[in-house]
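Biologist: I would like to learn how to read a structure like this one. Could you show me the way?

Modeller: Gladly! Let us look at it together.

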Amino acid sequence: MSSESASSQEKDLVQIGASQQSRDVLDRLKDAGHIEDYMDGYRLAIALAIGFGREPALAPRGERKTMFAVGNLDPDNALREAIREIYPQARSVPSRAAEDLAEQGLAIAKDKYMQGEELSFAEIVSAVQKANELAGESPSKA
Amino acid sequence: MMLLKCVNIENFGPYYGKHSLTLKGDTDELVIIHGENMAGKTSFLNAIRWCLYGVAKDRSGGAIPTVQLINTGAVSEGSKRVSVEIMIVDRDADGDTDVHLRRQRQGKSGIANPTADKDFDEFLDVDVAGNVLPDDQFDDQVNNLMPERISRFFLFDGELLKEYEELVREDSSMHAREVKRAIEMILGVPAAQNGKTDLDELGAKAARAYNREAKKHADIHESAEAADRLRDEVETVAEEVKELERQRGITQKQLTDIREDLASQDHLADKAKTLGDLEDRLETLAVARKEKEQHRRELARDLWRDVLEPRLRHEVDKLEREREAIGKAMNEKSVLLQERAKQHKAIEEEKCATCGQDIPEDRKMKAKASLAGVEERLEQLEAMADGDRHDSLGATIKRMRDVAPAGVSTALVEIEGDLARNDTDRVKMQRRKVGVEDDLRGFDPDRIRKHEREKDGLLRLIGKHDDAIGRATDTLAEKRHDLREHQKKMQSRDEPTLNQLRIERDLYEGAGAIFEASISDLTDELRGRVEEEASSIFKSLTTDSSYAGLRINENYGLSIVANTGDIVPVRSAGAEQIVALSLIGALNRLAAKRGPVIMDTPFGRLDRSHRENIMRFVPTLADQVALLVHSGEIDPERDLGPVKGKISGEYRIVHVESTKSRLEKSSG
């Protein structure tokens, strides 16, 4: 896990967003009928990055367009809690971590699992399980 | 004798572009054309039939519309032309004559999408010995070489078996009668019938001369007048009967054509139904796919929990291990604290609390040493036995466990499997649909209704013809009877000139009667010869030694006769094929006209032993034989042994893609 201190970060986000590239991936997922709305794809992307052992960057983010209120994205705080526990350095800024993880997750989906407009959820689930089985003490990176 | 030299095909059926099959154009020629099912064997046979007679037939015997004859690939590239050219050698006692026939149909200019036959122009080329003839002589040339009626015995496919099976039935259909007429034509019976017609005409002329002379005599004048009148009336009524029969024949032909067309439309109607079914099934699959996709999206909404679960489990396991270690350290610390207190007490006490004696110094030293060990361990445990951390980890583990997996991944895997199967099924059905749509190009449902109405009208007309023929035939019989009565009266007059003319008349009429009887005798004899030849061929082909031969019926139908002399009542499809081949072989040996035999899938129903026998027989079947075979009936390595050295050429019909086949000369 990153040794970067959360205290050095800005305060956490209330609105969460995505870069243009990530929004393009979300558009493709939605247009191809894989997801009902962007929020479903965004949540899945965060889980995908975590599942593959990616670390969130907490440094000031690049160009992002706001997409959702954090309260709508994670109404039962489940994602927030998972991030806070898995990434102690992000304990005070879980939304900021979530935003970066979503960027990483969408890049993984695009590069590894989208062939044209095709995408297999079964393949993603299987790959994440395998990565964590092989991970041992530290999950491998996708 | 007709011999094939070359067949050039362009855009016919599965043959995209130009293809050519070249033969020696000589006797003792055997050509094998290999092609798998659907490659285009029957289309090759149809191409020859179409060039000669302008009609290609489908499996149900219906005429295939021109639009369906043109190769689909060519059509998609904008071509509207189909063409077949045949080079023939017409061999007779005077030598060989080259005959070149070509039939081409081209969509009319100005019609972008020709569908009906009327949307096409037909071009016929006929060239005999290098002389180009007018196109209206095309049919005459074809009739001279191989009349359509007998072509079924030369251009042979599975259809003949069906027709042949009708021959052996007692209640033979009109179609069987047509086959019977074709057989008699191939055997030369019409020549004898023409002789009878000529004698009848001469007889009538002689009878008129006799009547004219008889009128000069007062006593028989009245009878001569009546006989003359009656003869005129007999001729008129006979002509009337002939005309009525001709008209009935035309009507019957129209009815047959319409029935054939309806039969072919029936086939297309079946295809249209298949297309409808396929469209329904595709629609069902599309709906099912939409529902599955929607369900998949709904499940994907919570999939993030399942994707997160392995990592959370991994983290929880790690935290639990840490918490367990802290718990152990805390327990050990608790035990050690008790031990430390005990050792402190031992060091600090001077006298034993039980016996009151002084505690020895060495025991105190031991307690001090033990206390040092306990202190050292306690110091080590100080960081590990963190109760707060223990409690905090418990809370963290609980929170992580609270992020429960949604359990949707199994259902998603199933749905994605269903969607993959749905895709495969849809692709398969889409391919079938394209094939059926190709078959249905040019299909016109209104035509069926129009033909049904025409059919009913023609059936009524045939009924009227039959009534009129019946009445005219009765009148004819009455008038002939009256004529004979008057002729009897006139015979009573004995006069040399009259006697001479009567003898002449009776001679022609007698000869006519003899010819009539002879035709009957001829057909009987020909039937006998067909039976003899066919039996001989059958015995060489069959592997069943309990069969004695074949017996022919009035329709030239052949039944198998067992050694016991009994007719074998039931025969297999394979036996049916051998009997049919025996008939064809016999007809070719006895035929007045000879030509090449081209057989499509001739071994389809046969076992290996029969296949070997027939292969041995094939080169003797006709002067020139071409076999269209597929690998299921002929294995070149195994089955061509009996004709090794007799094969003059081998071709292969290669199925390149769904709408394109290629005719290649085999290198072997």
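Modeller: First, a tool for angles: axes are lines fitted to C-alpha atoms, and angles run from 0 to 180 degrees between N-to-C directions. Keep in mind that this is a predicted model.

Biologist: Which strands does helix α17 of chain B lie across?

Modeller: Helix α17(B), residues 608-621, lies across β3, β11 and β12 of chain B, and its angle to β12(B) is about 140°. Helix α1(B), residues 41-53, lies across β3, β8, β11, β12 and β13 of chain B, at about 145° to β11(B).

Biologist: How do I read the sheet itself?

Modeller: Strands of a sheet pair through backbone hydrogen bonds, either parallel or antiparallel. Here six strands form an open sheet with mixed pairing, in the order β8-β11-β12-β3-β13-β14 of chain B. β8(B) and β14(B) are at the edges with a single partner strand each, so one side of each has no neighbour in the sheet. Further in, β3(B) and β13(B) pair in the parallel sense over six bridges; Leu30(B) has Ile647(B) as its bridge partner in β13(B).

Biologist: At what angle do α2 and α5 of chain A cross?

Modeller: Their axes cross at roughly 85° and come within 7 Å, which makes α2(A) roughly perpendicular to α5(A).

Biologist: How many residues of chain A are in contact with chain B?

Modeller: There are 27 from chain A, in contact with 22 residues of chain B. The chain A side divides into 16 nonpolar, six polar and five charged residues.

How values were computed: Residues are numbered from 1 along each chain as its sequence is written. Chains are lettered from A and ligands numbered from 1 in the order in which they are written. This is a predicted model: local features need pLDDT of at least 70, side-chain atom pairs count only at pLDDT 80 or more; totals for chains, interfaces and linings use all residues. Two residues are in contact if their C-beta atoms, placed from the backbone, lie within 7 Å. Ala, Val, Leu, Ile, Met, Phe, Trp, Tyr, Cys and Pro count as nonpolar, Asp, Glu, Lys and Arg as charged, and the others, Gly among them, as polar. Helices (H or I, at least four residues) and strands (E, at least two) are DSSP runs, numbered from the N terminus. Angles under 35 degrees count as roughly parallel, over 145 as roughly antiparallel, 65 to 115 as roughly perpendicular and the rest as oblique. Two strands pair if DSSP finds at least two bridges between them.
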